[in-house]
Amino acid sequence: ELKKEQDPERKEQIKSALTRLKHQIESFKESEKKQDLSNKLKKIANDDAKEGKKPHFVNKSEQKILVLAEKYKELKKSGKIEQFLAKKRKKQLSKEKKNFYTKHLRFV
């Protein structure tokens, strides 16, 4: 449908709808992974409690770390880890520069 369309406004609408759907699918998959991880951790804690051991309930910060570790493993498998880390470094540098200038301009 996108290839057949002649109207540029309609093409843009189709493109934006397509990208929106792709982002929705990605976010759904990501939330599904988070839910699976939390379910797995709850099951482990329940199993420990049933065995008579002291269960270790994972808090949100630990869950975030586990999700990030899983993400890095997937990126490493697909070979995109370098690209991801480069983007992250670039973003962090721009934030630091912005903060540096705003802090120093206040005192001048």
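Residues are numbered from 1 along each chain as its sequence is written, and side-chain values use heavy atoms, with hydrogens and water left out. Because the model is predicted, local features need pLDDT of at least 70 and side-chain atom pairs count only at pLDDT 80 or more, while totals for chains, interfaces and linings use all residues.

We can start with the helices, which are DSSP runs (H or I, at least four residues) numbered from the N terminus. The axes of helix 1 (residues 8-51) and helix 2 (residues 60-78) come within 11 Å and cross at roughly 125 degrees. Here axes are lines fitted to C-alpha atoms over the stretch in contact, and angles run from 0 to 180 degrees between N-to-C directions. Helix 1 and helix 2 are therefore oblique to each other, a class left over once angles under 35, over 145 and from 65 to 115 degrees are set aside.

Two salt bridges are present in the structure, each defined as a side-chain nitrogen of Lys or Arg within 4 Å of a carboxyl oxygen of Asp or Glu. In one of them, Lys33 pairs with Glu74, with the closest N and O atoms 2.8 Å apart. Lys33 belongs to helix 1 and Glu74 to helix 2, so this pair ties together parts that are 41 residues apart in sequence. Lys33 is partly exposed at 44% relative accessibility, and Glu74 is partly exposed at 35%; the term covers values between buried (under 20%) and exposed (over 50%), with a 1.4 Å probe and protein chains only. Glu51 and Lys53 also form a salt bridge (3.4 Å, N to O), and both residues are exposed.

Finally, Leu105 in helix 3 (residues 81-107) is exposed, at 62% relative accessibility.

Note on methods
Helix = DSSP H or I, 4+ residues; strand = E, 2+ residues; numbered from the N terminus.
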